[in-house]
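This report looks at one ligand site and at one residue. Please have the sequence and the structure open while reading.

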Amino acid sequence: AGKNTVDEEVLDNLEEALVSADVGVDTTVRIIDRIEQRVAKDKYMGTGELNRILQEEIENILVEAPSAVSYTFDGEMPAKPYIILVVGVNGVGKTTTIGKLAYNFKKAGKNVLLGAADTFRAAAVDQLTIWSERVGVPIVKQEMGSDPAAVAFDTAQSAMSRGSDVVIIDTAGRLHNKAHLMDELNKIKRVLQKFVPFAPHEVLLVLDGSTGQNALEQAKHFTAATDVTALAITKLDGTAKGGVVLAIADQFKIPVKFIGVGEKMEDLLVFDKHEFVDSLFSLK
Amino acid sequence: MFNNLQDKLESAFKNLKGQARITELNVASTIKEIRRALVDADVNYKIAKDFTDKIKEKAMGEKVLNAVSPGQLMVKIVKDELTELMGGEEAGFNAKGNPAVILIAGLQGSGKTTFSGKLANYLKTKKGLSPMLVAADIYRPAAMEQLRVLGEQIGVEVHIEAENKDAVSIAKNAIAESRSKNKNVVIIDTAGRLAIDEQMMTEVANIKNAVNPQEILFVVDSMTGQDAVNTARAFNERLDFSGVVLTKLDGDTRGGAALSIKYTVQKPIKFVSNGEKMDALDVFYPERMAQRILGM
Ligand SMILES: Nc1nc2c(ncn2[C@@H]2O[C@H](COP(=O)(O)OP(=O)(O)OP(=O)(O)O)[C@@H](O)[C@H]2O)c(=O)[nH]1
Ligand SMILES: Nc1nc2c(ncn2[C@@H]2O[C@H](COP(=O)(O)OP(=O)(O)OP(=O)(O)O)[C@@H](O)[C@H]2O)c(=O)[nH]1
Ligand SMILES: [K+]
Ligand SMILES: [Mg+2]
Ligand SMILES: [Mg+2]
């Protein structure tokens, strides 16, 4: 008693917990290997001790936001206007996340401007317009079907003349395996740079927390097409654990910045490693 | 990593050559490769275990090791078993009634509204029916407008009550209206909801009880991971749905969630959605899905 060896059963249970949280086989095997290496040296291992090591190993995988592009809602922004381009596959929660971000920036006293560059999906502009009204921030938009890059152009121009602090641009959902849609993102970027040299300062890739291993493909292709600087993981108020971000952090070194935990504007959290790792193993 | 399951299996089998039959012991590493490939394709961990245990029994009965290419034969066994599991008896789709009522439900962003439009378009153009769409999502910003736009694109009337905050009464009113307008099929688009959201799950159950649908379709994003099982089970417990719709199959996801769901709730997959346009709808092919999951 009191002596707890890390036997096959413990590791099997750990494997099951990780894989069931969508961490994926590769990253799970990596984590377990690391733990095996570490605990082999120590003969006695209590459960608490094992959990601590596990927590450490997982947190080591989750990279910190690189300070160059980092900001807090109420701190000084690294650039003015600070332009955030929001991208991701269909239905992950881009537009909603923009509403939530706008709310947080505005609450912190910043002048926010939204750009409705999803001109494709039915009622996408109306949806973002409702968010802009809810939060009380201006929006730049054009007709449905117009060129998204033209909307981005208008938005950047408007931000310059208004002296906006933060600009957040919505884009249409696009599957990462559709090359022509991915090219469109670069066109938006080029247009923004006509006004603001290093824009967009942030490319926020939104991932649905209930997505499985395909999120890795999404990260891979969006990173290749545009310089993704940060991730937002949505819908973590459900039972899905979002463990695939571990695999993404492991392979692509993109920091997770935000977590979506509901459909209201208050339902956005700044990512916290400890809490995330805790929730990976919690039974909800 | 497991892109080529067959190669993996060939090498796993290599050191077994010469043995006449597959036995419990010598098949272990092969089964492990298959299990990993399935989990990698997002098949639920427990289900992958269950499934590969069955495969093991099947394989032991056959002279796999004597085959020229045991890996190939093994893959065939897996594929056939998967195909059978995903298909089962022909389910059909019931659009008969006065009107036939079809209720659409699922998680947020899974593709319900888009599918509602596609189904209306399909029933109109391919089945000669006259459908009506019902905007019963009273929550999502511009949800009603989204359905209105889709209805306009396909020339199908959309029942909208912008000021009504009761989805059950919207659904009931729509059915009354459909009768007066001689519509023979009513498709009710509902808000996305989490399975653990008690209030929202009660709402959709109330809609079901009020309108008595011929078909209740559970719409699921084919990129869903391990949680697909929990969600499908929870929706099925509340709604006893009649079929599943897999969306966004125009992506490159392996779609293991399809297997998990079928395995868990034993309900047929009736349609697949493979694009954003109104005609990007297909019936479900079990064999194609099996191949996709296996990365073939
Ligand atoms: N429960 C929950 N739902 C969310 C969250 N974020 C977004 N949603 C819901 O997910 C659905 C899709 O969200 P959108 O913001 O429209 O997603 P999108 O990525 O903009 O979608 P497209 O523009 O169509 O590609 C909506 O019903 C949102 O209310 C979240 O964190 N939790
Ligand atoms: N590529 C692709 N996109 C799809 C497909 N089905 C739906 N979408 C897109 O996915 C996003 C979400 O679709 P919706 O129909 O709004 O999803 P929903 O389930 O009604 O969302 P909520 O009402 O917010 O819960 C939109 O951008 C759609 O255009 C599909 O089969 N393929
Ligand atoms: K969760
Ligand atoms: Mg959007
Ligand atoms: Mg909808």
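How far does a backbone N or O atom of B:G275 lie from an oxygen atom of ligand 2? The distance is 3.1 Å. This is a predicted model, in which local features need pLDDT of at least 70, side-chain atom pairs count only at pLDDT 80 or more, and totals for chains, interfaces and linings use all residues. Residues are numbered from 1 along each chain as its sequence is written, chains are lettered from A and ligands numbered from 1 in the order in which they are written, and side-chain values use heavy atoms, leaving out hydrogens and water.

| Residue and atom | Atom of ligand 2 | Distance |
|---|---|---|
| B:G111, backbone N or O | oxygen | 2.8 Å |
| B:D250, polar side-chain atom | nitrogen | 2.8 Å |
| B:G275, backbone N or O | oxygen | 3.1 Å |

On its own, ligand 2 has 650 Å² of accessible area (Shrake-Rupley method, 1.4 Å probe), and the protein covers 96% of that area. The site is shared between chains, because residues from chains A and B surround ligand 2. Among the 24 residues around ligand 2 (a heavy atom within 4 Å), B:K112, B:T113, B:T114, B:R140 and B:E276 come nearest. The shell consists of 2 nonpolar, 13 polar and 9 charged residues.

The side chains of A:N214 and B:D252 form a polar contact (N or O atoms within 3.5 Å) of 2.8 Å.

How values were computed. A polar contact is a pair of N or O atoms within 3.5 Å; within protein, one must be able to donate a hydrogen and the other to accept it, and residues adjacent in sequence count only if both atoms are side-chain atoms. Ala, Val, Leu, Ile, Met, Phe, Trp, Tyr, Cys and Pro count as nonpolar, Asp, Glu, Lys and Arg as charged, and the others, Gly among them, as polar.
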